[in-house]
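This report goes through a protein model step by step. Look at the sequence and the structure first, then read on.

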Amino acid sequence: MTRIRAAVLGSPIEHSLSPVLHRAAYRELGLDDWSYDRFEIDEAALPGFVAGLGPEWAGLSLTMPLKRAIIPLLDGVSDTAASVEAVNTVVLTQDGRRLGDNTDIPGIVAALHERGVEKVPSAAILGAGATASSALAALSRICTGEVTAYVRSSARADEMRQWGERLGVPVRTADWSGAAAALQAPLVVATTPAGATDELAAAVPAAPGTLFDVLYDPWPTALAAAWSRRGGNLLGGLDLLVHQAVLQVEQMTGCSPAPLEVMRRAGLAALSGAH
């Protein structure tokens, strides 16, 4: 039996949950001849790895720092991926083409829709890194008004305003020192590293809206825990990871729908087993 291969690439990669999610989907879909692995690959090693892929390969998932580095190695990129210059999904077609997409953006939207967030009049983003641009692209689909980005430097502020212009989203920037004000927004997307928002936990309002904190380990963050105690609508990094992985499985395998709940349970089990 010929094995069909897929994998996640990045650096560091050992803690990636993608193998857990994809393998759970393959089992549920009866794809016994499919395998999904992880490879520690940095930007320097990426061209050689991609050049060595044979016809048994069906797809790749890309994490940091490869989401932009992969683009020159592809034969085509979707409009969604091009909008933020970031590819997290590569489908290798039977005729040998390498096609890039970004499932983070529709994954964020799908996760919010699942929790009843269809449209919001305004939103706030905490942070301005790579995930923030994907969050802004997702907000362009559901936010009807202004997005305020709370950042730590004027250079980051300029970047977020430029992304807003490119994506057609009105973006106002504010200094991180005033980030507690972000928590008043109907939708808050936290894209910062672990620990960065802990200082905001005490500022969660009495009746908070929706918080989407993209971290999944550690979970809950101090901010997420405080948000939950106040009764706010809360989404975490696993919600994003599962929803974007569902779209990856569907693109790579051609099987739709991918088993969302099976993948979610596998991710939860893996996270609980790690602690």
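What radius of gyration would a compact globule of 275 residues have, and what does the protein chain have?

## Overall form

A compact globule with 275 residues would have a radius of gyration near 19 Å, and the protein chain agrees because its own value is 19 Å. The radius is taken over C-alpha atoms, and the globule rule is 2.2 Å times the number of residues to the power 0.38. The C-alpha trace spans about 60 × 35 × 30 Å along its principal axes.

The model is predicted: local features need pLDDT of at least 70, side-chain atom pairs count only at pLDDT 80 or more, and totals for chains, interfaces and linings use all residues. Residues are numbered from 1 along each chain as its sequence is written, and side-chain values use heavy atoms, with hydrogens and water left out.

## Elements and contacts

The protein chain holds nine helices and 12 strands. These are DSSP runs numbered from the N terminus: helices are H or I with at least four residues, strands are E with at least two.

Contact means heavy atoms within 4.5 Å. Among contacts with a separation of 6 or more, 64% are between residues 24 or more positions apart.

## Burial and cores

Of the 275 residues, 52% count as buried. Buried means under 20% relative accessible area, exposed over 50%, and partly exposed in between, with a 1.4 Å probe and protein chains only.

In soluble globular proteins, nonpolar side chains tend to be buried together. A nonpolar core is a set of buried Ala, Val, Leu, Ile, Met, Phe, Trp, Tyr and Cys residues joined through side-chain atoms within 4.5 Å. The largest one here has 35 residues, and Ile125, Leu136, Met160 and Phe212 have the most contacts inside it. Elements that give two or more residues to this core include α4 (104–114), β7 (123–126) and α6 (154–167). Helix α5 gives the largest share, seven residues. A second, separate core of 20 residues includes Ala179, Leu183, Ala226 and Leu234.

Ala245 lies in helix α8 (residues 237–253). Is Ala245 buried or exposed? Ala245 counts as buried because its relative accessibility is 0%. Apart from neighbours within four places in sequence, Ala245 is in contact with Leu21, His22 and Met263.
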